[in-house]
Amino acid sequence: MREVKTVQQRNFWEDLEVGKTLKTGAIGIDAADIIEFANAYAPHGMHTDAEFARNSLHKGLVASGWHICAVWMRLMVTYMERYATGVKDGRRNGAGIRFRNMKWIKPVRPGHNLTYTYEIIEKPDKVIRNKWDIIRSRNEAYNQYGELVFAFEIDILAERRPTTE
């Protein structure tokens, strides 16, 4: 797993550095979490039933890929509330506008601890309404063994620094 840093300040698009890898959060996943999410959103036996899961492809209970993605979303929103610009009156800016190459690489099992990171990989410089631009980032989750379990790229709107004109 790459070395990651946690940002301590709010940043505009101009402040964001290509190549910088940041930690967005960490979380433990237990069997109750897996089953609760799956019963609500991904009702497949390998996610909802330990007995069924023992005889499945993964030979045990595993989290739904959508569960792992939903955890990323919660951690990213919390991260953006702390460090992104554009937070005003409880409204958040910085919406994701395109996902690419989403992959669930290894199963996530009860007892796994996941660390989520993102790396800014490109700044395409596509100004939108004189206020926004895009950053492209690679987002990843690693288990406690340092194994990559989930990855994708996303384009996100980032606020440009206000001009004084």
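Predicted model: local features only at pLDDT ≥ 70, side-chain atom pairs only at ≥ 80, totals over all residues.
Colleague: Let's start with H1. Which of its residues are buried?

Modeller: Start with accessibility: buried means under 20% relative accessible area. In H1, which spans residues 31-41, Ile34, Phe37 and Ala38 are buried. They sit on the same side of the helix, because they cover an arc of only 100° around the axis.

Colleague: And which exposed residues does the face turned away from the buried side carry?

Modeller: That face of H1 has Ala32, Glu36 and Asn39.

Colleague: On to the rings. How many aromatic pairs are there?

Modeller: Rings pair if their centres lie within 6.5 Å, and planes over 60 degrees apart count as edge-to-face. The count comes to 8 aromatic pairs. Trp66 and Trp104 make an edge-to-face one, at 5.0 Å centre to centre and 70° between the planes. Trp66 belongs to helix H4 and Trp104 to strand S2, so the pair ties together parts 38 residues apart in sequence.

Colleague: What about Phe99 and Phe152: how are their rings placed?

Modeller: Their centres are 5.2 Å apart and their planes at 35°, so this pair is tilted. Phe99 lies in strand S2 and Phe152 in strand S5, so parts 53 residues apart in sequence are tied together. Phe152 is buried at 2% relative accessible area, while Phe99 is partly exposed at 43%.

Colleague: Which residues form the aromatic cluster?

Modeller: One cluster is formed by Trp66, Trp72, Phe99, Trp104, Phe150 and Phe152.

Note on methods:
Residues numbered from 1 in each chain as written. Heavy atoms only, no water. Buried < 20%, exposed > 50% of the residue type's maximum accessible area, 1.4 Å probe, protein only. Helix = DSSP H or I, 4+ residues; strand = E, 2+ residues; numbered from the N terminus. Arc of directions from axis to C-beta. Phe/Tyr/Trp six-rings, centres within 6.5 Å; stacked < 30°, edge-to-face > 60°.
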